[in-house]
Amino acid sequence: MSEAAAPDIFDAARREFDRAMQRNLKGLGYFASPGPALGASPKDVLIQRGTMSLYHYHPMSDEVYRVPILLVMATTNRGYIFDMVPGQSLVEYLLKSGFDVFMLDWNPPRSDERGLALKDYVLDFLPAAVERVQRETGENDVTVVGYCFGGVLSLLWAALEGAPVLKNLVCFTTPVDFSKMEMFQTWADKRFFDVDRLVDTFGNCPGDYLYTAFDMLRPGARVAGNIRLLDNLWNDEFVKSFRMFDRWASDVLPLAGEYFRETTRKLMWDNQLLHGTMDVAGRPVDLAKITAPFLHVTAEHDHIVPSAASAPLIDMIGATDKQQVTMKGGHVSLIAGGNAIKRLWPTLVEWLGERST
Amino acid sequence: MAVPPIPDPGAMLRDMLGQWESMANNFGGEVMKSGEFGRALQGANAAAMRAQAATHQMMDRALAAANMPSRSEVEDISARLARIEEAVQRIEGLLMAQAGIAPPERPRPKRTRTPPGKAA
């Protein structure tokens, strides 16, 4: 038996030695080389207006579904999470599956955009994007897909103005019960958190401030992640994936001051969306008015939007064709990376395909 | 008699790292949910904001005394330039449309696709 075990020891020792060598060699390369180019799928910029950008991705098939898709990114992060690198891009996957894809993405708000409020996002940016998608495609109907707070903006728009044009609404991990976002509740505890002071001091809410808030949701993750990177420096695929996600996660955008003040007060403090008291520019929001087919996808291990925060949404929507799907994964791995390629992307394409003709 | 597999120290360390991360996240999470933490955190944030506001004020005064623009003034100019650029782009687009100069036509795929199961 000892004869059988011997090769294991040598194999293991050789493997570890090889990996140690590779770590040394590739470790130097890691610091000397730039990360992979992200968000590089060919596209046209249709609108570039301050904090708002609208992209149209070049179709990858000769025949597309009639209804175009508008992806709406969360205002805290960059939209390239939907378009990492070829083979790991939701945008590319949708294009190859025969969809015409647009994305509403965000730039850091300028200092003179500190006065932008929720109404600007819901009643100006989103309608402008939808109107341009209609003009570009010649179609009246549009499918809107919102991620995280992009989902919240999509819900607000859909309830207030979506009815004539909204063909389908898809939300990824979208919170409606903000009292269940416990860590953010602590962060924004109204007894201690002076949102007015923050906005009045900085104008816009700094990205660093939000980055720290996200980082503190998982205090051990950064240290453990860096140790894992060191351990896996020999593995090109691991390093590539680490660099992509690390860059995206640290690329947190500032938020327009008034928008941050308003969302903190109305959602984090007063939980108005859940209580049915939410308004945008004085117009009451009733999610029951959303009657277009609706899909909500949540993640089992979401540390940013826990299930309890997103679960009530499905019952608040007025559509009869509606579905809630919970998948394995976390807030980010739900929509990007190997987990998403296997789970979310095919589900999304199948669900949308049946409703996009 | 079966020989037990040789323990892999690398795998053990990786497993320990996973456990430590999980513990750190849980423990840190519990600490951060407490009111005391929230009070301390926001106290520190408020102090940092006061310090930053005071620094800005001081810098603005010093720069004004040296007859130089402050950072916020430069940012304002930059924002105004960006707005002007956007306006020029819009005007350019309108003028091109009026003059009948269309942007290069991209191939427009047919919008007749059906889901695989329903294909004719």
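A straight helix of 14 residues would span 20 Å at 1.5 Å a residue, whereas helix 4 (residues 149-162) of chain A spans only 17 Å between its end C-alpha atoms. The expected span is 1.5 Å times one less than the number of residues in the helix. Helices (H or I, at least four residues) and strands (E, at least two) are DSSP runs, numbered from the N terminus.

The model is predicted: local features need pLDDT of at least 70, side-chain atom pairs count only at pLDDT 80 or more, and totals for chains, interfaces and linings use all residues. Residues are numbered from 1 along each chain as its sequence is written, and chains are lettered from A and ligands numbered from 1 in the order in which they are written.

Helix 4 of chain A is mostly covered, with 13 of its 14 residues buried. A residue counts as buried if 20 or more other C-beta atoms lie within 10 Å of its own, as exposed if 12 or fewer do, and as partly exposed in between, the C-beta atoms being placed from the backbone. Together with strand 5 and strand 6 of chain A, helix 4 of chain A makes a right-handed β-α-β unit. A crossover is right-handed if, with the strands pointing away from the viewer, the path from the first strand over the helix to the second runs clockwise.

The two strands of this unit run parallel: 6 bridges join strand 5 (residues 142-147) of chain A to strand 6 of chain A. Strands are said to pair if DSSP finds at least two bridges between them. In this pairing A:Val144 stands opposite A:Leu169 of strand 6. Strand 6 (residues 166-172) of chain A is mostly covered, 7 of its 7 residues being buried.

Why is strand 9 of chain A described as largely enclosed by the rest of the structure? The description holds because 6 of its 6 residues are buried. Both faces of strand 9 are covered, with A:Phe294, A:His296 and A:Thr298 on one side and A:Leu295, A:Val297 and A:Ala299 on the other. Strand 9 also pairs in the parallel sense with strand 10 (residues 322-327) of chain A over 6 bridges, and A:His296 stands opposite A:Gln324 there.

Leaving aside neighbours within four places in sequence, A:Asp44 is in contact with A:Tyr55 and A:His56; contact requires C-beta atoms, placed from the backbone, within 7 Å. The C-alpha atoms of A:Asp44 and A:Tyr55 are separated by 5.6 Å, although the two residues are 11 apart along the chain.

The contact between the chains takes 41 residues from chain A and 35 residues from chain B. The largest share of the side of chain A that touches chain B, 6 residues, comes from helix 1 of chain A.

How values were computed: Contact = placed C-beta atoms within 7 Å.
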